[in-house]
Amino acid sequence: AWSEYDFYACSVCNKCSFVCPMGISIGSLIGQVRAGLTAAGATPAGLKKKLELQVETGSPTGDTEADWAAWFATAKEEHGIELPIDKKGADSLIVFTNLELRGYKENLMHIARIMEAAKENWTLSLRARDAFNMGAINGDGKMMKQFAMIIINTAKELGVKRIIVTECGHGYTTLRDKMPNVLGEPLPFTVEHITEVMSKFIAEGRIKIKPGTFTDDGHTYTFHDSCKIQRAGGLIDEPRDILHTLCNGNFREMTPNREAAICCGGGGGLRAIPEAYDNRMAAFGLKVDQVKKTGADTVVATCSNCRLQFQEGFKHYNMDTRTKGLASLVAEALVE
């Protein structure tokens with residue numbers, strides 16, 4: 001009974017902690033309860049299965065190293081770009097998630113184009129290929145560390161200066177915030193999200209984007225603050241600066257926003273629990289109201305899981321509204 005409360009009814013968005021008058025980190029307490037329920041064998045079947053698949057194959061959906069190699073190979077086959085893989089001496093190791101590449105494979109090329117335009121010395125990895133971490137989702141500390149150390153050890157072996165997590169909030173905060181505490185020491189490199197990397201590239205003049213690219217394209221844009229990337233990660237102004245440049249007056253804010261933003265309802269593993277569907281869609285109803293009030297027909301996000309939740313939610317509520325990833329907009333607006 002408590003498993004349903006803790007796994008089905010909470011996305012661990014942690015907004016409650018931001019408004020708690022006593023300053024209690026409620027999201028952390030929910031994580032502790034999940035850890036206890038998982039230790040007691042009460043993890044929802046969908047989450048348990050995904051953790052087992054990640055142990056067996058390296059990805060929660062069962063995608064193997066060969067599957068990832070095939071995804072990486074399409075860059076050369078379809079676009080004529082040979083992606084660097086497990087390149088020693090690279091400055092940046094870029095890690096995607098299976099969720100992102102299954103849902104939005106084009107992100108691979110969008111981000112590759114951005115890295116090449118910035119002349120970044122970067123690499124992908126077939127060993128450290130998936131930033132998704134079912135141990136963190138389920139509250140299994142041992143498995144969280146095991147999955148994360150695959151990426152951390154590979155980064156050490158390659159000698160990189162930073163890990164760049166692409167459009168995934170959960171993978172980003174697990175590596176950046178949780179692992180230094182688990183290890184009891186700082187990581188020997190930085191962990192950055194693609195959003196802040198793109199913002200730095202623009203500020204440093206390493207990439208140029210065409211102002212107003214999406215001002216007169218027939219669409220109106222709004223932005224969804226992802227709980228892990230914006231509220232927990234602090235990357236609040238960076239995406240907005242980019243969108244104001246690209247949309248040039250064609251961008252409208254949802255209310256509330258920034259730290260006070262409302263969760264999309266798909267985080268915390270809820271999308272992997274079929275029995276939680278009604279809860280997810282009820283929560284998403286709040287986002288429906290927000291989007292409708294903006295009048296926008298395009299929701300931009302920096303998290304692929306959020307985008308997938310929006311797609312499902314728009315279909316559920318019969319809305320003709322689309323989602324876009326911020327990296328895709330930047331790639332489309334590149335002045336090369």
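## Salt bridges in a predicted model

Arginine 129 has a relative accessibility of 10% and therefore counts as buried, in a structure that is a predicted model. Its partner, glutamate 65, counts as partly exposed at 41% relative accessibility, and the side chains of arginine 129 and glutamate 65 meet in a salt bridge with an N to O distance of 4.0 Å. Because arginine 129 sits in the loop between β2 (122-123) and α8 (134-138) while glutamate 65 belongs to helix α5 (residues 65-79), this pair ties together parts that are 64 residues apart in sequence.

The structure holds 17 salt bridges, and three of them are set out here.

| Pair | N to O distance |
|---|---|
| Arginine 129 and glutamate 65 | 4.0 Å |
| Glutamate 120 and arginine 162 | 3.2 Å |
| Glutamate 192 and arginine 162 | 3.0 Å |

Glutamate 120 is buried, with a relative accessible area of 10%, and arginine 162 likewise counts as buried at 12% relative accessibility. The side chains of glutamate 120 and arginine 162 meet in a salt bridge of 3.2 Å, N to O; since glutamate 120 lies in the loop between α7 (106-117) and β2, and arginine 162 in strand β3 (residues 162-165), the pair ties together parts that are 42 residues apart in sequence.

Arginine 162 also forms a salt bridge with glutamate 192, at 3.0 Å from N to O. This second pair links distant parts of the chain, with glutamate 192 in strand β4 (residues 190-193) and arginine 162 in strand β3, 30 residues apart, and both residues are buried. Through salt bridges that share partners, Glu120, Arg162, Glu192, Lys200 and Arg206 are joined into one network.

Notes: Residues are numbered from 1 along each chain as its sequence is written. This is a predicted model: local features need pLDDT of at least 70, side-chain atom pairs count only at pLDDT 80 or more; totals for chains, interfaces and linings use all residues. Side-chain values use heavy atoms; hydrogens and water are left out. Helices (H or I, at least four residues) and strands (E, at least two) are DSSP runs, numbered from the N terminus. Buried means under 20% relative accessible area, exposed over 50%, partly exposed in between (1.4 Å probe, protein chains only).
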